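Subject: Handing over the structure, with notes

Dear colleague,

I am passing this structure on to you, together with some notes on how its parts are arranged. Please open it first and keep it beside you while you read.

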Amino acid sequence: MERGMGLEVLAPAGSVESMKAAVAAGADAVYMGGSRFGARAYADNPDEDGMLRAIDYIHLHGRRLYLTVNTLFREEEMGELYDYLLPYYKEGLDAVIVQDLGVMAFIRRHFPGLDIHASTQMTITGVYGARLMKELGAVRVVTARELSLEEISRIHQQVDVEIESFVHGALCYCYSGQCLMSSLIGGRSGNRGRCAQPCRLPYEARERGKKAPANPEQERYLLSLKDLCTLDLIPQMAQAGVYSMKIEGRMKSPRYTAGVVRTYRKYVDRYLEHGSQGYRVEPEDKRQLAELFDRGGFTEGYYRQHNGRDMVALKEKPAFRKADQELFDELDRLYVNREVKEPVRGKVRLEEGSPAELSLSADVRGSHGCVRRITVQVQGQCPGSAKNQPLTKEKVQKQIEKTGSTPFEFERLETELSGSLFLPVQALNELRRSGLEQLQEAVLMESRRGEPEGNRKEKEREREKTEGQTSETSGIPELWTFLEEPVQLPAVLQDPGVSGVYLDAGGFPADSWKKAVQECRENGKQCYLALPHIFRTEGEAFFKEHQEELRKAGFQGFLVRNLEELQWLKERDESLARLPRVLDGTVYCWNRETVSLLKDLGAARLTLPWELNSRQARPVSGQAERVQLPVEIPVYGRIPMMVSAQCIRKTTLGCSGKNGQMELKDRTGARMAVKNRCAFCYNTIYNSAPLSLLGNESGVAKLDPAVLRLNFTTETGEETAQIIRAFRESFLEGKKSRVPFQDFTRGHFKRGVE
């Protein structure tokens with residue numbers, strides 16, 4: 001079977017050297033970042049000229065290159081995106097991997113024919129998110145690493161979109177795209193490709209209210225997951241619908257890339273040739289993968305289990321051990337230092353008085369495995385009559401076959417000589433050079449494009465239309481509260497300044513919804529249901545089980561916290577689908593393009609993201625005002641730093657099956673609350689200090705919010721009442737209020753992220 005016809009081996013490349021090693025080792029495609037906008041900002045990413053050469057190199061060898069544009073874009077960066085992508089688009093770039101919804105809309109409009117892959121940073125966890133991505137123009141979805149084979153199979157069966165899933169490499173503790181830990185601790189955002197990997201540091205876990213640690217001293221690496229290795233699962237992954245087998249590792253060496261790609265190439269081919277029945281994995285290959293990188297053993301990840309202690313490294317990375325130098329030398333020789341050549345067939349014809357002729361042909365693999373033959377013909381100097389030593393076939397072939405540093409080598413060369421001929425060696429060299437250059441150009445022209453007509457003018461008009469526009473304050477905002485615990489509700493009901501309430505679906509039992517909604521209405525407050533941080537099989541089953549409670553509760557709207565839920569609500573019965581949908585800050589909106597798209601998708605209100613400072617947020621709030629989409633700003637609360645399918649309690653004490661709270665203490669002594677939401681089976685780790693924008697009333701007002709939100713997570717009823725009163729007096733009544741807490745953070749309201 002032709003490479004790429006059934007499954008794609010997709011390799012990481014943090015450098016040009018890694019890209020070449022991946023090609024040599026048998027990758028069908030490579031994903032890499034350019035000089036900007038990639039989720040590995042610290043990789044050795046090429047500049048524009050380097051990326052153009054990389055695209056050419058990939059296409060000369062019949063492979064595909066996907067450019068990572070998988071960060072969130074601030075408004076000023078959107079104006080740079082067209083000029084950044086245009087050279088790569090024209091050179092024949094195969095696809096872009098995208099996180100930002102606005103970027104997706106922009107690329108779809110301005111670069112027709114360029115495939116869009118929805119990044120794992122979009123947290124696509126099921127059929128609904130995949131369906132939305134398809135509607136928005138994505139041809140491929142990179143699934144969240146946490147999905148099971150069954151969940152992937154459902155996407156494959158119900159949505160006509162390519163599926164790309166990780167098969168090897170590092171695993172994040174948090175759902176990709178939902179991690180703010182590095183951002184809040186040190187200002188290095190994973191959403192900007194600058195994660196400092198705080199999950200690899202030691203932590204101490206305690207039950208709430210307990211003094212003794214729940215984890216032993218030697219098991220402190222509670223957030224550090226083992227590396228993924230799925231050699232044994234390739235048949236099951238393929239049968240579930242995974243088309244692209246993605247290897248993680250853009251920060252790793254070319255040798256690592258070569259070794260891992262070689263192994264997965266071997267086993268993908270074994271499966272394609274022999275099927276499941278003839279598939280087996282040799283222990284030696286697993287050993288070699290561990291030699292390349294070992295964090296304390298491998299895990300098969302989430303494909304067959306929702307979470308587990310056995311997936312966590314727990315202990316320090318193994319101490320230095322003697323390297324397998326023989327393996328390393330072999331990889332360097334075969335792949336890292338090897339020049340890959342493509343086979344060429346040729347025919348040279350020499351006849352006295354006629355121009356020398358050289359015809360060359362090569363088979364070129366297209367984007368999905370189809371093969372097309374490319375043929376060129378060139379002419380050179382006319383041979384003359386030989387006076388002494390006439391040309392021989394052997395001498396002609398020897399010169400023509402010297403392909404040197406070109407990407408070609410002769411598979412077969414026919415030589416036809418008519419008569420006793422003389423032709424200078426220099427002329428033969430020029431004939432060969434001209435032929436190989438034209439063949440190379442003909443191969444590359446198969447994928448190159450021209451600049452889309454009219455796009456530049458449209459781009460300039462859009463930029464002129466939006467530049468310099470700012471919003472103006474329109475009035476006093478409403479005060480809403482988000483509640484995770486029933487004990488917090490009485491304080492909200494008693495405060496006259498609160499206009500609306502979000503009840504966390506994971507914290508408020510379904511049988512309490514109707515009573516809570518009634519109490520809110522009796523006290524003049526709107527009541528919305530806050531859907532879970534993560535919406536997967538568990539979430540769908542939960543709401544199916546409690547559909548009567550949901551229907552009868554009388555909620556007036558929903559707080560939507562991910563793209564899955566946005567589409568899920570759209571597909572519900574009319575009684576739910578028509579209710580207002582407020583988008584939480586985890587549905588990222590960093591630029592005007594995204595604002596307009598979310599408005600079109602049915603958002604009733606959007607929440608400004610946690611990571612933008614007040615200056616960066618102004619274009620977002622301004623565009624929201626233009627499209628009549630109210631804005632909400634959290635002004636108090638513990639920011640969710642990580643949302644994980646893993647469970648701290650299960651790892652340390654075992655699964656209780658009940659909602660609970662634990663605490664993580666880091667090396668500095670900071671204590672972070674950890675809550676498990678068992679109905680949806682995820683953990684949330686909160687920042688050690690709550691966000692507070694008390695004292696920043698004028699800065700908040702400049703963003704013209706319709707709603708100010710107070711997030712209550714770990715607070716008692718009394719603390720909830722005190723905090724509401726302080727923010728009501730300060731923001732709504734213009735009074736100087738007493739701050740009811742000591743430790744707090746301004747978050748990113750002033751500093752933002754890189």
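The axes of helix 9 (residues 254-274) and helix 10 (residues 283-292) come within 10 Å of each other and cross at roughly 160 degrees, which makes helix 9 roughly antiparallel to helix 10. In these notes, axes are lines fitted to C-alpha atoms, for helices over the stretch in contact, and angles run from 0 to 180 degrees between N-to-C directions; angles under 35 degrees count as roughly parallel, over 145 as roughly antiparallel, 65 to 115 as roughly perpendicular and the rest as oblique. Helices (H or I, at least four residues) and strands (E, at least two) are DSSP runs, numbered from the N terminus. The crossing of helix 9 and helix 10 is left-handed, a term used if the near helix is turned anticlockwise from the far one by less than a right angle, with right-handed used if clockwise.

Before going further, please note that this is a predicted model, in which local features need pLDDT of at least 70 and side-chain atom pairs count only at pLDDT 80 or more, while totals for chains, interfaces and linings use all residues. Residues are numbered from 1 along each chain as its sequence is written, and side-chain values use heavy atoms, with hydrogens and water left out.

To return to helix 9, its residues Arg255, Tyr256, Gly259, Val260, Arg262, Thr263, Tyr264, Lys266 and Tyr267 meet Asp285, Gln288, Leu289 and Leu292 of helix 10, where contact means heavy atoms within 4.5 Å. By class, the contact of helix 9 with helix 10 has 6 nonpolar, 3 polar and 4 charged residues (Ala, Val, Leu, Ile, Met, Phe, Trp, Tyr, Cys and Pro count as nonpolar, Asp, Glu, Lys and Arg as charged, and the others, Gly among them, as polar).

Another helix pair is formed by helix 2 (residues 48-60) and helix 3 (residues 75-91), whose axes come within 10 Å and cross at roughly 20 degrees; helix 2 and helix 3 are therefore roughly parallel to each other. Helix 2 passes helix 3 in a right-handed crossing, and the contact brings Glu48, Met51, Leu52, Ile55, Asp56 and His59 of helix 2 together with Pro87, Tyr88 and Glu91 of helix 3. The residues of this contact divide into 5 nonpolar, 1 polar and 3 charged.

Helix 12 (residues 393-400) and helix 13 (residues 425-445) pack at an angle of about 50 degrees, with their axes 9 Å apart, and are therefore oblique to each other. Helix 12 passes helix 13 in a right-handed crossing, with Lys395, Val396, Gln399 and Ile400 in helix 12 meeting Val425, Leu428, Asn429, Leu431 and Arg432 in helix 13.

Strand 15 (residues 357-365) and strand 16 run antiparallel and are joined by 9 bridges, and serine 361 has threonine 375 in strand 16 as its bridge partner.

Strand 8 (residues 204-207) is joined to strand 28 (residues 660-665) by 4 bridges, and the partner of glutamate 207 in strand 28 is methionine 662. Strand 28 and strand 29 (residues 671-677) pair over 6 bridges and form a hairpin with 5 residues between them, in whose turn glycine 669 has a positive phi of about 95 degrees.

Best wishes

Definitions and conventions:
Two strands pair if DSSP finds at least two bridges between them.
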